[in-house]
Amino acid sequence: MHLLNLTLQKATGINCAAHGNFAGTKQQEIIASRGQTLDVIRPDPDSGKMHITHSMDMFGVIRSLSSFRLIGGTKDYIVVGTDSGKITILEYNPTKNCYDRIHQETFGKSGCRRIVPGQYIATDPKGRAVMIGAIEKQKLVFIMNRDSQARLTISSPLEAHKANTFLYNVVGVDVGFENPLFACLEMDYEVAERAVDYLREVTYRWSID
């Protein structure tokens, strides 16, 4: 016997989203995460409303997501960071109205951990690379390419770690066709500790006064 656990009422808050052409119909769509569900939302230019064309429960915590398109491609792929310790690349199949899993690479333990990548995802604007980062220290870069049959391929992870740092955000920089470049907003441990000590001192002085 197999049991399925689903909530009666789905979450309504969106924690991350990305836009792109996922169905290959030359119409912009939005992929939105509501914690554990992944929705494809299509705007209606006539009525001005948004319609959910597909919704799927991922049975996990979606921490981050982004979209990218290979050079010369006609549709966008979805790259998802979850609490599974894996990077997952999905393709929306409008014919079956479902997500097809293209790749799934394991790089760490499961769970929402500080040093396991998945909290942040950034893609190269040309769709050549994806960076996935953790809250602390670890960052991995995956190179995207095509094989002889024009299928998406993903390389082994390239480490871009930086010890003793907090990561607040990461974005892909548009550098044309030069080597992919990512910009990271980070803070060193020592700077964070000095800021905490300063706040403690200010709080103590205010309480004395």
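Guide: A polar atom in the side chain of Asn 93 lies 3.1 Å from the backbone nitrogen of Thr 95. This is a polar contact, meaning a pair of N or O atoms within 3.5 Å; within protein, one must be able to donate a hydrogen and the other to accept it, and residues adjacent in sequence count only if both atoms are side-chain atoms. The model is predicted, so local features need pLDDT of at least 70 and side-chain atom pairs count only at pLDDT 80 or more, while totals for chains, interfaces and linings use all residues. Residues are numbered from 1 along each chain as its sequence is written, and side-chain values use heavy atoms, with hydrogens and water left out.

Asn 93 belongs to strand β7 (residues 86–93). Strands (E, at least two residues) are DSSP runs, numbered from the N terminus. Asn 93 counts as buried because its relative accessibility is 16%; buried means under 20% relative accessible area, with a 1.4 Å probe and protein chains only. Not counting residues up to four places away in sequence, Asn 93 touches Cys 98 and Asp 100, where contact means heavy atoms within 4.5 Å.

Strand β8 (residues 98–106) contains His 103. The side chain of His 103 reaches the backbone oxygen of Leu 152 at 2.7 Å. Leaving aside neighbours within four places in sequence, the contacts of His 103 include Ile 87, Thr 88 and Ile 89, as well as Thr 153 and Ile 154.

As for the whole protein, buried residues make up 36% of its 209 residues.

Technical notes. Buried < 20%, exposed > 50% of the residue type's maximum accessible area, 1.4 Å probe, protein only. Helix = DSSP H or I, 4+ residues; strand = E, 2+ residues; numbered from the N terminus.
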